[in-house]
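Here's a quick look at the salt bridges in this one. Have the structure open as you read.

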Amino acid sequence: MKYNERIREIREDFSLTQQKVADLLHIGQRTYSDYESGKTRIPVDNLMILAKFYNVSMDYITGASNMKTEYPKE
């Protein structure tokens, strides 16, 4: 699964709107929509914010793994 498909799937699992996630990332809803559609690549720092927020590993959120593991504890 591609990361843009994964971030949409996770957002929908949490019943969040694109606007809510965009607010979390301090970006516009249109920019976030472009991330999910694959028009724009999401910066790594934003992926890290989402992984921590959703409590999933970077491997999972990027689609490198289908094993849903927790975000590493600090």
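## The overall tally

This is a predicted model, and its salt bridges come to a count of 5. As background, side chains of opposite charge can pair when their charged atoms come close.

## Pairs within helix α1

Start with Glu 9 and Arg 6, whose side chains meet in a salt bridge at 3.5 Å, N to O. Both sit in helix α1, which covers residues 3-13, and they are 3 residues apart, so about one helical turn separates them. Are the two partners buried or exposed? Arg 6 is buried, with a relative accessible area of 3%, while Glu 9 is partly exposed at 28%.

Glu 12 and Arg 8 make another salt bridge, this time with an N to O distance of 2.9 Å. They are 4 residues apart in helix α1, so again the separation is about one helical turn. Here Glu 12 is partly exposed, with 42% relative accessibility, and Arg 8 is partly exposed too, at 44%.

## A link from helix α3 to helix α1

Now for Glu 36 and Arg 11: their closest N and O atoms are 2.5 Å apart, and they form a salt bridge. Glu 36 belongs to helix α3 (residues 29-37) and Arg 11 to helix α1, so this pair ties together parts that lie 25 residues apart in sequence.

What about accessibility here? Glu 36 has a relative accessible area of 8%, so it counts as buried, the cut-off being under 20%. Arg 11 is also buried, at 8% relative accessibility.

Methods. Residues numbered from 1 in each chain as written. Predicted model: local features only at pLDDT ≥ 70, side-chain atom pairs only at ≥ 80, totals over all residues. Heavy atoms only, no water. Salt bridge = Lys/Arg side-chain N within 4 Å of Asp/Glu carboxyl O. Helix = DSSP H or I, 4+ residues; strand = E, 2+ residues; numbered from the N terminus. Buried < 20%, exposed > 50% of the residue type's maximum accessible area, 1.4 Å probe, protein only.
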